[in-house]
Amino acid sequence: MGSRQAKRVRQALGLMMLAASPLPLMAQSPPAPSPPPQEEPILPDGEFEARLPKPGEADAPLPSIDEWIDRQMPPPGAAQQLPPAVEPLEERELAQPLPPLDSVQVPLQVATDNDPGEKTEAVRYSVAIEGFGRTGLEDAFRDSSSLVDGGGKADTAAMLQARAHEDEALAVRLLYSEGYYDGTALASLDQAGDGTLKAIVSVTPGKRYKIGDIVIHAGPTVPPGLIRDSLPLRTGDFIIAAAVEGAEANVGVKLPEKGYPFAQVGQRDILLDPATATGDYSLPVETGPRGSFRGITTTGGKQAFGADHMKVISRFKPGELYDSRKVDDLRRALVATGLFSSIAVDPVRTNEPGPDGTEYVDLNVVQEAGKPRTLAGELGYGTGQGFRAEGTWTHRNLFPPEGAVIASVVAGTQEQGASGTFRRSNAGKRDKSFQTGIAVNHQNYDAYEAYTVGLNIGWSRQSTPIFQKRWTYSYGAEVLLTNEQVVVDPATADKTRRTYFIGGLPVQIGYDRSNDLLNPTRGFRANLRAEPEGSLQGSFSPYLRATFDLTGYYPLSDALVIAGRTRVGTISGAKRDDVAPSRRIYAGGGGSVRGYGYQELGPKDVNNDPIGGRSVNEFAVEGRYRFGDYGVVAFVDAGQVYESSMPQFSNIRYGVGVGGRFYTNFGPFRADIAMPINRQPGESKFALYIGIGQAF
């Protein structure tokens, strides 16, 4: 830099007390060494003994703290002596420096001898802040200021002075963090004639420094400009601590994403030139070898499963260029299994050559298995459906890897049952699940009463709270044996019992562009389910059951969301009476058309009991307003069930209502109340629905 005065910034940017801290300054040259201290001559024995205390002097007791304080206090009634005031000229007064903190006379605050625990009177003060001007830092200063935080009151004068000193340092750190490296700050206490104190923080920002030359010290990379392209700093930008730290952090993120798992960003060096108010920036980077994935190893105490299953879960193949995003994806997928109490995935050097001039890199998974068993419960109520409680016991890894056994019991006013399920997650492929189970169930509703035993098997790809997937699917088979009460003639409501043997091949595909699984606020979802099914009751009746659902979410503001839903469904290929009542189509209830009881809409017998249909259409719109952890909802639902195989879109029934929401970390708790429009005989006057999650 020649004869120009320069300063150098080398330390890391610590956060200190602020969101972004300054680049601390170091002098260009070290201070001159001090002269060596003079050694005292050795005293003769006689003179040494003469300086020793006389007998008895060393035994004199030291004064107590209270005695010492009494000696320092002025005698009672004595007035404190202050120097005579001098009235200077106005210009001379403005040119004088601010008084130092210790120059203000504040009465001592000590407890009296009679009452050592006596509470002393607090020191009261006001605060003035000057000089930040166009820097825009005054609000940030006030947010962190010790003087402002004190609320104009301090226990002692020493505490007040300490706060003022802290605010001096705070102001300088703030200035440095925004590039004002010539900035200074001075805190002073001003005492008015009435004895009140005013704490003044005076700031002088000085010049704001900009980035000069940018130099990176690193070995060659592929591609050649990788590091510089990953460092979003430009010559001429102000030297802002947060921007510099963020740019360097970006280098530390991008290099591992582009094949450099062991890259390390070194300590920056910024040379400031006060003459031009610029700082030349240099950054050393140790890239390490360019790597390619090879294999997975695992270590740890109690292990949930081995490295072979982790290879199934991973989304990279041996020989692929290393990418830290795929490593993070593997870590999240392992967490999503719910089988670990702790998990870490780290790259390990092998020093073995890989493809394209790279070095093979292994991933070491350090695991500690968690508790595999869980108990869960669900409780809900719906008009027409009654109370329903379900308890579930799960062992998530009884048959490793990820072989879960699930036992479930349902107890309710109108439904009882039990089921057992085996499920293997990530079954041979990432996100693919296999499931098979058996269920025994009894349902007793106005529409039908059924005793059912069912077997099912299926494969699926579904969303989870950690991985909400865009595309989902399921396919499989099910067999049911059900004994049901059937209305023989709706005109007379005569009933009989029939046994049905039913087989089906359900297929479902879904597309999800919403932003949340349990509480969406934007986007949409579409779902199509089709099940070719055959019913054997006397004669064999094949038919197709299919439904299509579409939901959408549009935010009008951060607090208000408009949500809409539509559904159409059909049973084609068989007459209604050839379909078991439990397999027919119904509408009404909390997940359908609110305002009506469960399965209440559609064709009915002479007793106004629903008998089901072969097609349905449903529509709903609701406004969701959220404030904090609470919310309110207003909604309109509509729908109807028809005896024909295609929905007629006629005789639509409507329900209106309001609801409340309590938002938790696992989803909203929902309570809705609704009433039907133009209520018909036998229909509910109102309906209440309680559950977890939004209605749709």
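This is a predicted model: local features need pLDDT of at least 70, side-chain atom pairs count only at pLDDT 80 or more; totals for chains, interfaces and linings use all residues.
Student: Which residue just after helix 6 takes a positive phi?

Tutor: Gly-179 does, with a phi of about 95°.

Student: How do you know how the span of helix 6 (residues 157–177) stands against the expected one?

Tutor: Helix 6 has 21 residues, and the distance from its first C-alpha to its last is 30 Å. The expected span is 1.5 Å times one less than the number of residues, which for helix 6 gives 30 Å, so the span of helix 6 is close to the expected value.

Student: What makes strand 4 (153–154) and strand 5 (184–191) edge strands?

Tutor: The sheet in question is an open one of four strands in the order 4-3-6-5, with mixed pairing. Strand 4 and strand 5 each have a single partner strand, so one side of each is left without a neighbour in the sheet, and both stand at the edges.

Student: In which sense do strand 3 (residues 123–130) and strand 6 (residues 197–204) run, and how many bridges do they share?

Tutor: Strand 3 and strand 6 pair in the parallel sense over six bridges, and in one of these pairings the partner of Glu-130 in strand 6 is Ser-202.

Student: How do you know that strand 14 (residues 373–382) is paired with strand 30 (residues 687–692)?

Tutor: Two strands count as paired if there are at least two bridges between them, and strand 14 and strand 30 have two bridges, in the antiparallel sense, so they are called a pair. Tyr-381, for example, has Ile-690 in strand 30 as its bridge partner. Strand 14 also runs antiparallel to strand 15 (residues 386–395), to which ten bridges join it, and here Gly-377 is partnered by Gly-391.

Student: What are the partners of strand 22 (residues 507–512)?

Tutor: Strand 22 pairs with strand 20 (residues 471–489) in the antiparallel sense over five bridges, and with strand 23 (residues 523–537), again antiparallel, over six bridges. Ile-509 is the bridge partner of Tyr-473, while Gly-510 stands opposite Asn-527 in strand 23. As for its faces, Gln-508, Gly-510 and Asp-512 form the covered one, and Val-507, Ile-509 and Tyr-511 the uncovered one.

Student: Why is Ile-466 given the accessibility class that it has?

Tutor: Its relative accessible area is 44%, a value between the limits of 20% and 50%, so Ile-466 is partly exposed. Ile-466 has its place in the loop between strand 19 (449–461) and strand 20.

Student: Which residues is Ile-466 in contact with, leaving aside its neighbours within four places in sequence?

Tutor: They are Arg-332, Val-335 and Ala-336, where contact calls for heavy atoms within 4.5 Å. Val-335 is 131 residues away from Ile-466 in sequence, yet the two C-alpha atoms are 8.7 Å apart in space.

Student: What makes up the lining of the second largest pocket?

Tutor: Its residues divide into 15 nonpolar, 18 polar and nine charged. The lining has 42 residues, and Arg-396, Arg-423, Ser-463, Thr-464 and Pro-465 lie nearest the centre of the pocket. Among the elements that give two or more residues to this lining are helix 10 (324–336), strand 14 and strand 15. The space in this pocket comes to about 1500 Å³.

Student: How do you know which kind of peptide bond joins Pro-400 and Pro-401?

Tutor: Omega is about 0° there, and the bond is cis; Pro-401 is found in the loop between strand 15 and strand 16. A cis peptide bond, again with omega about 0°, joins Val-222 and Pro-223.

How values were computed
Residues are numbered from 1 along each chain as its sequence is written. Side-chain values use heavy atoms; hydrogens and water are left out. On a 1 Å grid over the protein atoms alone, a cavity is a set of points where a 1.4 Å probe fits but cannot get out, and a pocket is an open set with protein on both sides within 12 Å along at least five of seven lines; lining residues have an atom within 4 Å of a point. Grid points are joined across faces, edges and corners, and a volume is the space filled by probe spheres set on the points. Ala, Val, Leu, Ile, Met, Phe, Trp, Tyr, Cys and Pro count as nonpolar, Asp, Glu, Lys and Arg as charged, and the others, Gly among them, as polar. Buried means under 20% relative accessible area, exposed over 50%, partly exposed in between (1.4 Å probe, protein chains only).
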